[in-house]
Amino acid sequence: MKSLLLPTVPESIAADRHPAWRDSGSWALLPLSVCGLAMCLSGIAGADEGVTAPGYNSEVRAILSNHCFRCHGPDDKERKAKLRLDVPGHDVDFAEVLSRITSDDVDELMPPLEANKPLTAKQIDTLRRWIDAGARYEQHWAYVPPVGATIPERASAIDYFIGRKLQTAGIETTAPPADPLTLVRRVYLDLIGLPPTPEEADTFVNDTSDNAYAQLVDQLLASQHYGERWARRWLDLARYADTNGYEKDRDRNIWPYRDWVIRAINEDMPFDQFTIEQIAGDMLPDATPSQHVATGFHRNTMLNEEGGIDPLEFRFHAMTDRVATTGTTWLGLTISCAQCHTHKYDPITHSDYYGMMAYLNNTDEPDYRIPAPNTRSRSADNAAKAEQLLAELPDRWPLPDGDSAKAAAGLADAAFQSWLQTQRESAIDWSPMEPDKTTANHPYLVHEGEGIIFAGGDTSKHDIYSLSFTAGDQPITALRLEALPDERLPDRGPGTTFYEGRKGDFYLTEFIPSIGDRSLAIAHSSETYAQNRFGNNPVSARLATDGDIQTGWSVAGRVGERHVAVFVLAEPVPAGQSFAIEMHFGRHYASSLGKFRISSTAAPAGESSPSASELPADIAALLARPAESLTKPEMAKLREEFLMQAPELKEQADRIRQLREPVAGTLTMVMRERPSEHSRPTFRHNRGEYLSPREEVSPHLPEALYPADQSPPTDRLGFARWLVSRDNPLTARVIANRQWAAFFGTGIVQTQDDFGMQGTPPTHPELLDWLALYLMDHDWSMKALHREIVLSEAYRRATASPGTPAANAPREFLASFPRTRLEAEIIRDSALRAAGILDTAMFGAPVRPPQPGGVTEVAYGSPKWTPSDGGNRFRRSVYTYQKRTAPFAMFTTFDGGSGESCLAKRDISNTPLQALTLMNDPMFIEIAEKFGSALAGEPGSDRDRIRLAFRRVLTRPPSESELTRLLDFHEKHRDWPALARVLLNLDEAISKP
């Protein structure tokens with residue numbers, strides 16, 4: 001077959017392309033099933049062997065992806081005319097295809113005019129030559145495992161690949177090596193996010209040994225500041241912030257996760273382990289507290305606390321965020337595009353998206369109390385002190401004047417006997433009941449023995465618990481509901497409230513016992529404590545039996561404690577009778593009961609009808625027994641309970657209770673896998689809508705990333721391990737590319753968050769593969785990779801002078817070092833260090849540096865920003881409190897993220913606001929004032945002080961002309977803080993040289 005000649009597209013058509021939308025059904029005119037222009041064909045019969053074939057990945061794919069895949073790609077529901085252009089395996093009439101892309105008939109032309117994506121003559125020629133050469137398809141480069149390349153002996157791989165690219169591009173001149181002061185400033189800023197002091201810089205410059213620079217690099221990699229600098233970049237991906245987001249944007253306790261990241265990076269935790277612990281640390285065998293804390297990565301999703309929301313809907317939105325974040329962070333793919341439909345460009349189906357969600361979906365989201373340091377020894381000490389104070393309680397009984405301590409013990413004993421008599425007269429014999437069956441609408445109910453039931457899983461604004469029982473050999477006259485605290489519940493429960501209301505509260509709106517279809521009337525009800533969280537309306541056990549779902553019983557103000565409600569039946573449940581109890585929970589937010597027990601009694605009604613008592617169940621059982629049946633230990637237990645309840649000893653008893661409390665650790669937010677018997681199903685949601693679940697989807701990976709003939713991982717831990725396995729072609733490349741971009745300003749793949757069909761191809765593909773393999777071969781050591789990069793000649797080059805050949809070379813070719821603006825946090829931290837006021841304390845709760853008034857007041861509730869005192873206001877920026885709806889102003893001005901979504905690459909803008917911030921922000925004014933005060937106290941002349949200030953800010957010494965101008969400025973103003981403000985506002989001060 002002769003080469004197909006392409007007619008020229010008439011200029012009238014090219015000039016007349018317009019955005020008006022037309023019916024694109026003209027593709028239906030094709031008389032054949034054209035399903036694969038971009039496919040793996042053995043060739044077209046008769047194709048000319050002499051045709052120079054364009055590379056599919058290097059030239060053809062980008063054309064098809066940009067102009068064709070949207071309508072003729074993976075999405076089968078939106079595909080036009082059954083034409084698919086992204087996969088191999090189908091016959092194509094290329095003559096017809098070429099005819100359509102070169103047609104002068106606007107109704108035949110493809111892409112259609114309304115798509116507003118015309119092909120240029122050069123693109124058409126590329127497609128023609130590719131087809132003439134056999135239309136050979138290549139798998140997308142990012143889905144092929146990295147391949148090693150042969151490097152000349154003793155050559156630097158990085159410089160070898162960069163040199164080859166320069167040579168191919170005909171660039172023969174590169175910038176010279178950077179001078180030592182430039183290099184030392186650059187590597188300090190890159191590795192630890194701080195500039196060197198003049199003394200540190202001079203030490204390096206004066207070290208003439210051959211390995212001086214390598215030793216400096218190793219010193220910086222070992223610095224504790226290294227983790228603080230690189231943690232900040234990871235926290236962008238983790239969408240870290242100190243508040244929940246959305247309207248109310250209340251505080252959250254997630255900073256232990258931030259500290260975990262810093263520690264892990266400083267310890268050079270292998271990146272594969274770093275990944276596994278964050279995705280599934282809780283599932284590791286004998287998971288440590290640190291590994292639980294690590295799962296905070298996916299607890300950084302926002303939480304909507306608006307009372308009107310459906311918590312299950314916003315849990316779904318959190319899941320979509322987690323899928324998107326995982327795709328961006330580890331795979332470098334725009335997976336979120338497949339939430340609503342099959343991806344328009346990449347081979348990720350609608351089902352694949354929910355298959356990946358299924359790995360992350362089977363989790364609960366509890367708070368986790370990190371064990372406090374020396375918990376065991378401190379608990380033992382507290383217990384010993386409590387026992388000592390308990391033994392002394394009888395002697396603390398208050399006495400009339402003149403009585404001895406011996407009389408005090410006697411008075412206490414007499415009071416105890418009186419208490420015993422009173423309590424025995426009202427004692428009720430309660431029997432815990434084991435339910436025959438339990439069901440709930442969303443939560444799952446677990447029987448934990450002794451009648452205790454734990455509610456796990458999801459909660460809604462109207463949860464219903466249904467429990468079936470069988471009465472014993474006596475009739476039931478009353479029912480007791482115990483609401484029990486538990487460490488697994490928010491703020492120890494006993495409720496499951498986790499947003500809007502008080503954490504750990506519950507709201508029981510209806511308590512309905514029944515036999516068959518007949519509800520049992522409640523004669524009267526009582527409770528040990530009741531408090532409403534919202535409004536002045538009363539709450540009580542009685543209001544949980546009034547048939548009004550708007551009223552009920554809650555315990556706001558005393559969460560984390562046991563509470564009791566008693567319901568006396570108007571008529572008994574006969575012995576041996578089956579009966580049921582239905583409990584309704586919730587108000588304008590989800591507020592169910594998390595742990596409870598139901599007991600029954602046959603005690604007769606009357607003046608001494610059963611009523612709620614705060615006595616523990618075991619104490620009540622002892623009081624119900626005859627006195628002569630009690631052993632000495634049991635009697636001692638009753639005596640202890642009396643002493644702890646006596647109003648006369650409240651102060652001492654409260655101290656004992658305090659000592660008996662578990663040693664409090666720090667709370668943080670973690671992930672926890674649900675029990676396998678209560679796994680949460682995942683469904684495909686039509687059009688990505690929460691209210692449109694369709695078929696159930698099992699965990700699986702896209703075929704492009706995982707062989708169809710192999711069984712995929714089955715759970716979150718397996719998924720985490722696959723992410724960092726050599727079977728996954730993406731992660732090592734994505735991570736290595738992100739590190740490269742951190743040093744050079746631009747990634748080898750410029751679209752750091754998109755390695756898919758719409759992403760830019762790598763400028764140095766062999767180098768990217770080498771970096772990915774180097775990372776994996778060196779035990780996923782990020783420090784090793786960073787060391788290799790900063791030791792390269794490419795990194796150590798000077799920035800090019802304007803007009804030189806190196807300056808004219810494309811930036812990504814690295815003929816010179818690309819000058820970039822520093823990140824927001826590094827700008828602030830550098831200013832603090834230059835001023836000599838940087839507080840190097842590490843870890844802990846977030847702090848608040850000064851900032852202009854009115855920044856946070858725009859958020860819900862108009863919260864005030866009160867700057868921290870002392871050194872906390874001068875700590876590194878990674879510890880700065882970040883409110884999502886009102887981020888720290890200086891960071892926002894310099895393009896920092898808000899923590900609302902995963903951020904793979906910060907924008908870099910250049911606005912007047914940045915200069916205004918450096919000159920006028922109260923934080924920078926305070927820094928300049930302290931800097932100026934320190935300069936005024938330095939020995940020597942003004943010239944010496946100005947030289948020192950210049951070096952603290954810029955590392956290098958000033959030129960004579962710079963020094964003269966600064967001297968003139970100072971002589972005019974005689975204001976050292978003003979001079980400091982000028983230096984801190986220089987472009988060079990906020991740039992990486």
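**Reading the pockets and buried residues of a predicted model**

Author: Helix H14 (311-331) gives the most to the lining of the second largest pocket, with 6 residues.

Reader: What is a pocket, and which elements line the second largest pocket?

Author: On a 1 Å grid over the protein atoms alone, a pocket is an open set of points where a 1.4 Å probe fits, with protein on both sides within 12 Å along at least five of seven lines; lining residues have an atom within 4 Å of a point. For the second largest pocket, H14, strand E1 (363-364), strand E6 (452-456) and strand E15 (666-669) each supply at least two residues of the lining. The lining comprises 47 residues, and Arg299, Glu365, Pro490, Thr496 and Phe498 lie nearest the centre. The volume, taken as the space filled by probe spheres set on grid points joined across faces, edges and corners, is about 1,000 Å³.

Reader: Where does the largest pocket lie?

Author: Domain 2 (374-428 + 624-661) and domain 3 (429-612) both contribute residues to the lining of the largest pocket, so this pocket lies between them; the domain bounds come from an automatic or database assignment. The largest pocket has a volume of about 1,400 Å³. Of its 46 lining residues, Pro485, Arg492, Gly560, Glu561 and Glu661 lie nearest the centre. Strand E2 (367-370) and the helices H18 (617-623), H19 (632-645) and H20 (650-660) each give at least two residues to this lining.

Reader: How many residues of each class line the largest pocket?

Author: Ala, Val, Leu, Ile, Met, Phe, Trp, Tyr, Cys and Pro count as nonpolar, Asp, Glu, Lys and Arg as charged, and the others, Gly among them, as polar. In the largest pocket the lining has 18 nonpolar, 6 polar and 22 charged residues. The lining of the second largest pocket has 17 nonpolar, 11 polar and 19 charged residues.

Reader: Is Ser591 buried or exposed?

Author: A residue is buried under 20% relative accessible area, exposed over 50% and partly exposed in between (1.4 Å probe, protein chains only). Ser591 has 0% relative accessibility and therefore counts as buried. Ser591 stands in the loop between strand E13 (578-585) and strand E14 (595-601). By contact (heavy atoms within 4.5 Å), Ser591 touches residues including Ser460, Thr496, Asp505 and Tyr507. A polar contact is a pair of N or O atoms within 3.5 Å; within protein, one must be able to donate a hydrogen and the other to accept it, and residues adjacent in sequence count only if both atoms are side-chain atoms. The side chain of Ser591 makes such a contact with the side chain of Thr497 (2.6 Å).

Reader: Which side chain makes a polar contact with that of Lys992?

Author: The partner is the side chain of Asp190, at 2.8 Å. A polar atom of the Lys992 side chain also lies 3.4 Å from the backbone oxygen of Ala742. Lys992 belongs to strand E20 (residues 991-992) and, at 4% relative accessibility, counts as buried. Among the residues that Lys992 touches are Arg186, Phe743, Phe817 and Leu822.

Reader: What should I note about the backbone at Pro494 and Arg154?

Author: Gly493 and Pro494 are joined by a cis peptide bond, with omega about 10°; Pro494 is in the loop between strand E8 (476-483) and strand E9 (508-515). Another cis peptide bond joins Met110 and Pro111, with omega about -10°. For Arg154, phi is near 65°, a positive value in a residue other than glycine. Arg154 has 79% relative accessibility and so counts as exposed.

Reader: How is burial summarised for the chain as a whole?

Author: Of the 993 residues in the chain, 53% are buried. The C-alpha atoms fill a box of roughly 105 × 90 × 50 Å, taken along the principal axes.

Notes:
Residues are numbered from 1 along each chain as its sequence is written. This is a predicted model: local features need pLDDT of at least 70, side-chain atom pairs count only at pLDDT 80 or more; totals for chains, interfaces and linings use all residues. Side-chain values use heavy atoms; hydrogens and water are left out. Helices (H or I, at least four residues) and strands (E, at least two) are DSSP runs, numbered from the N terminus. Lists of a residue's contacts leave out its neighbours within four places in sequence.
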